[in-house]
Amino acid sequence: MPFKIIDGYKVGFYSLDRGEPPHMHVLRGDNEAKIWLVPVEVEWNEGYNTRELNRIVGLINEHQQELLEMWNDHFSQ
């Protein structure tokens, strides 16, 4: 389960996500959102308000290349 902390959010994916398009789960407290990486958009959201979700999408956009590399490195093994 590769995860990293970005601006206080736990961002990553699960090994069982193989076969799905590249995406990240973003966790903080009891909240979680699933964000597609190409293009960056919200698949689903549980608990984040609109303002925070927009912030998360911005962070994913800023780190998109790095997160795609993390995804591709993990699943190419």
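How many residues join β4 to β5 in their hairpin? I looked, and the hairpin runs through two residues.

**Ground rules.** I am reading a predicted model, where local features need pLDDT of at least 70, side-chain atom pairs count only at pLDDT 80 or more, and totals for chains, interfaces and linings use all residues. Residues are numbered from 1 along each chain as its sequence is written, and side-chain values use heavy atoms, with hydrogens and water left out. I take helices (H or I, at least four residues) and strands (E, at least two) as DSSP runs, numbered from the N terminus. I call two strands paired if DSSP finds at least two bridges between them.

**Strands.** I began with β2, residues 9-12. Three bridges join β2 to β3, and the two run antiparallel. Next I followed β3, residues 23-28, across to β4, residues 31-37. Here I found six bridges, again in an antiparallel pair. The hairpin of β3 and β4 has two residues between the strands. Gly29 in this hairpin takes a positive phi near 60°. Then I checked β5, residues 40-46, which six bridges join to β4 in antiparallel fashion.

Gly12 has His25 in β3 as its bridge partner. His25 has Lys34 in β4. Lys34 has Trp44 in β5. I also noted that Arg28 is bridged to Asn31 in β4.

**Cover.** Which strands are enclosed, β3 or β4 or both? I count a residue as buried under 20% relative accessible area, exposed over 50% and partly exposed in between (1.4 Å probe, protein chains only). In β3, five of the six residues are buried. In β4, six of the seven are buried, so this strand is largely enclosed by the rest of the structure.

I then listed contacts of Val11 (heavy atoms within 4.5 Å), leaving aside neighbours within four places in sequence. Among them are Phe3, Met24, Val26, Ile60 and Leu67.

**Rings.** I found five aromatic pairs. Rings of Phe, Tyr and Trp (its six-membered ring) pair if their centres lie within 6.5 Å; planes under 30 degrees apart count as stacked, over 60 as edge-to-face and the rest as tilted. Phe3 and Tyr14 have ring centres 5.5 Å apart and planes at 65°, so this pair is edge-to-face. Phe3 lies in β1 (residues 3-6) and Tyr14 in the loop between β2 and β3, so the pair ties together parts 11 residues apart in sequence. Tyr14 counts as partly exposed, at 26% relative accessibility. Elsewhere, ring pairs link Phe13, Trp71 and Phe75 into a cluster.

I checked for charges over rings (NZ of Lys or CZ of Arg within 6 Å of the ring centre and within 35 degrees of the ring normal). Lys10 lies over the face of Phe3, 4.9 Å from the ring centre. The charged end of Arg28 sits over the ring of Tyr9, 4.1 Å from its centre. What does Glu52 touch, not counting residues up to four places away in sequence? I found Tyr9 and Arg28. Glu52 lies in helix α1 (residues 50-62). Its side chain makes a polar contact with the side chain of Tyr9 at 2.7 Å. Such a contact is a pair of N or O atoms within 3.5 Å; within protein, one must be able to donate a hydrogen and the other to accept it, and residues adjacent in sequence count only if both atoms are side-chain atoms.

Last, I looked at Gln77, in the segment after α2. Gln77 counts as exposed, at 76% relative accessibility.
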